[in-house]
Amino acid sequence: MQPFVLPEFYLSYPARLNPHLAGARKHSKAWAYTMDMIDVPQHGTVIWNERDLDSHDYALLCSYTHPDAAPRELDLVTDWYVWVFYFDDHFLELFKRTGDIEHARDYLDRIARFMPAEGEITETPENPVERGLADLWNRTIPHRSAAWRRRFRESTRNLLDESLWELANINENRIANPIEYVAMRRKVGGAPWSANLIEHSLNAEVPDEIAAKRPMEVLRDCFADAVHLRNDLFSYQREVEDEGELSNSVLVFEKFLGCTTQEAADAVNDLLTSRLHQFEHTALTEVPALFDEHGVRPAGRAETFAYVKGLQDWQSGGHEWHLRSSRYMNEGALDARGGPELLGGPSGLGTSAARIFRSVATTAPQRARAFTHQPHEQLGPVTRPALPLPFPLRLSPHLAAARKKIADWPRRMGILSEGVWDTARLRAADLPLVAAGLCPGAPPEQLSLTNDWLTWATYADDYYTEVLGHDLPAARLTTERLKLFMPAGGTPSPAPRTALETSLADLWQRTTGTLNTTERETFHATVESMLDAWVWELANQSQNRIPDPVDYVEMRRRTFGSDLVISISRLAGSRTVPPEIQRNRVIEALEDSAADYAWLVNDLFSYRKEIEYEGGLHNAVLVVRSFLDVEQDRAIRVVADLAEARLAEFRHAVDVGLPRLFADYSLDAKAQDALTQYASLLKNFMTGIANWHRECARYTDEELDRVRNTPVRPERDDAAKPPDFAKAMQHPGCTGTPPVPLGAKPRLHLGATGLGTQSSHIPAPARPTPH
């Protein structure tokens, strides 16, 4: 008996079948025999027999997912999928069932030798997985560019190496939280790897200058998430009930939400639908603008569109294969979901188009909820769940002195003269309290620099929300101007025209004086990422669109400034931590879980301010309300549970992940100490943020009412003039259409939520070490 009824899937385009299916079936079976994948015992266990290969029908999968591939490319791609599924089952039998994580590491290390970054393979294969990879690598890599080879090697390594994450969770009987699961499933699930093969099969490579930009990353990630979530629904019975697997989104949702298996399956399908909606939104609204921004040539645009279409083909084709393969739970799925009973068409192969109407109609309410929120919803008093401080609080002994001079730097920079902030609002924010918690051991000058960065970032976030508001062209121009005041090389900056520009220029000079060119470029990119994320928020606001949950999580790290604080912290430790460790899964878990905990706490405290007072859309409580279609109290509890889950993940990374990392890489005492101090730095980050939210007045109802009802009075009679956009555009690097000049007085008098915590660990000019 199946554990749940398969939900109604969102299918917006029909599946097509490659006409060369029969040839691919014949070729792939012969190839599998040649590689010893059929009927050849591995450590005493036969992984596949011929019946297994025939019933799984990977040639059908590839013929559905690559309908336009030529015969030779279809054969090659099918061999790749035979290999990857064989690896999955081989790893299961040899290591997941036994829990043998030590030998699993050696196994994976050997596999990596058969995909060298440069040169030929020198290792001799010892099992079917190694033999198959060596053959496929040599048949594929010579035909692709260096950029594609780099991306493909990375995605293949992720697919292999993150199998250890699944195995470790099985050994610990640990189920991931939803945010952790989605991120890790992308790597171990292999869909980014599949996206690379789509480029190869179509001979259509995404131009390297845009391959790593947000729109292309979002398309790839949406594709990956939808593929994996769909697979989890079909494979739940085999993985969870038969194999004891814990890495399945239905199980993750079931445990996290405390719901039935059917309810969890429906929630997973809702997330899958949301990711497909995000894919379509990005392809239609962001990719064309990306072409223009980077001057992509017509050939590059055509290849990118072919790639996007290939991703769509894979989604619909992969669904059709899941309905038919014996590998999955699909009994009666074709009969129950075929759709011909609605449209009067035939059943069986080739009828996927008949299901489109029904699937679009069924999922339409979910799409509509994202666009129908009424701004300035009256929420009334909001009860927040109790969130104890995550770690013991330490505050700088220089806090009192910093509070006494809280207005000195903002006044010198003109921040209190533009009609957005006044001294009362600045004191209510109490940003020295944040700095004191983030850098408890810092000397006064370091604490002052950290506090000034926090002040600038918080003011800038308020400025974007209140002054720029719905004026998207002005926001984009303001952003491009600000980037000019962070020169990484010798390019001079223009003369600042606003307090925002003046203060950023001052901070950049004070912060980067002792950094080398590479460090300044890294710093610049991180601040730039936060600025661009604020524009992303305003773009959603202009469409009245509540973000997709996964996209919101990943962009919220940027809008809150989390990416910046982590980049600066990693930069400071780069001289003692080996480069290969900086991108390790354990380090990513530390950074991302700490960042997510901080902004989730912020969203709980800022919910009423953002939604009711500001009329905003970017808050986790609203995103959860829309996605799960639940009442406010339930959404608040879910967000609080997410914060607690991310904190638990951080603790696990510190207590279990770091010691394992030390052993795996044989790190010396200096490197171990650097990583231990880095974990302590992140503990201060989370605790300082949580304490600030509890103690400051910025999010209280009294302060919100005061700001709404009390006009901001510039502190000088000669209040700062509005930006001269026409003159600003004369500087090299500024492009676009000049917006209507802004008045000195903003439309609103409310603070935005972004704390600007990204600068909490910026190195002091004389000593670039975080505190």
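**Arginine over a ring.** I started at Trp-148 and found Arg-144 over the face of its ring, 5.9 Å from the ring centre. I keep in mind that this is a predicted model.

**Aromatic pairs.** Next I looked up the ring pairs, and the structure holds 33 of them. I picked out Phe-87 and Phe-91, with ring centres 5.8 Å apart and planes at 40 degrees, so I noted this pair as tilted. Where do these two sit? Both are in helix 4 (residues 71-96), and because they are four residues apart there, about one helical turn separates them.

I traced both tyrosines to helix 24 (residues 444-468), where they are four residues apart, about one turn of the helix. I found Tyr-459 buried, and Tyr-463 buried also.

**Cysteines.** How many disulfides does the structure hold? I found zero. I looked at two of the cysteines anyway. Cys-62 is buried, and its relative accessible area comes out at 0%. Cys-696 is buried too, with a relative accessible area of 5%.

Note on methods. Residues numbered from 1 in each chain as written. Predicted model: local features only at pLDDT ≥ 70, side-chain atom pairs only at ≥ 80, totals over all residues. Heavy atoms only, no water. Disulfide = S-S within 2.5 Å. Buried < 20%, exposed > 50% of the residue type's maximum accessible area, 1.4 Å probe, protein only. Phe/Tyr/Trp six-rings, centres within 6.5 Å; stacked < 30°, edge-to-face > 60°. Helix = DSSP H or I, 4+ residues; strand = E, 2+ residues; numbered from the N terminus. Lys NZ or Arg CZ within 6 Å of the ring centre and 35° of its normal.
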